[in-house]
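Hello,

Here is the structure we talked about handing over. Please open it first; my notes follow below.

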Amino acid sequence: VAILDEIDSGLDRDALEVVGRALEHIRATQPSMAMLIITHYQRILSYIIPHHVHIMRAGLIVASGDMKLVQQIEAQGYESIQP
């Protein structure tokens with residue numbers, strides 16, 4: 001299990017692509033490995049598409065879904081997610 005807490009924080013576009021491609025390579029070559037990617041932004045998800053998405057607020061999971069949930073947040077903000 002790899003826990004990646006805000007791995008995209010502070011990265012420029014080129015570095016983000018390098019990290020994203022590396023994560024996708026790891027996922028492709030190590031299919032039994034789990035990755036928990038913690039992020040506040042969609043940008044890393046342009047390179048590695050999540051199987052599951054969970055939204056946390058105050059330490060609790062308030063919503064779960066797939067990439068559609070990420071797209072909803074990008075379009076409408078976190079306030080659009082109702083527990």
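The lining of the largest pocket splits into 19 nonpolar, six polar and three charged residues. (Nonpolar is Ala, Val, Leu, Ile, Met, Phe, Trp, Tyr, Cys and Pro; charged is Asp, Glu, Lys and Arg; the others, Gly among them, are polar.)

This is a predicted model: local features need pLDDT of at least 70, side-chain atom pairs count only at pLDDT 80 or more, and totals for chains, interfaces and linings use all residues. Residues are numbered from 1 along each chain as its sequence is written, and side-chain values use heavy atoms, with hydrogens and water left out.

The largest pocket holds about 880 Å³ of space. Among its 28 lining residues, L36, I37, H52, V53 and H54 are the closest to the centre. (A pocket is an open set of points on a 1 Å grid over the protein atoms alone, where a 1.4 Å probe fits, with protein on both sides within 12 Å along at least five of seven lines; lining residues have an atom within 4 Å of a point.) β3 gives the most to this lining, five residues.

There are four salt bridges (a side-chain nitrogen of Lys or Arg within 4 Å of a carboxyl oxygen of Asp or Glu). R13 pairs with D14 at 3.9 Å, N to O. R21 pairs with E17, closest N and O atoms 2.8 Å apart. R13, D14, E17 and R21 form a linked network of salt bridges.

Best regards

Definitions and conventions
Points joined across faces, edges and corners; volume = space filled by probe spheres on them. Helix = DSSP H or I, 4+ residues; strand = E, 2+ residues; numbered from the N terminus.
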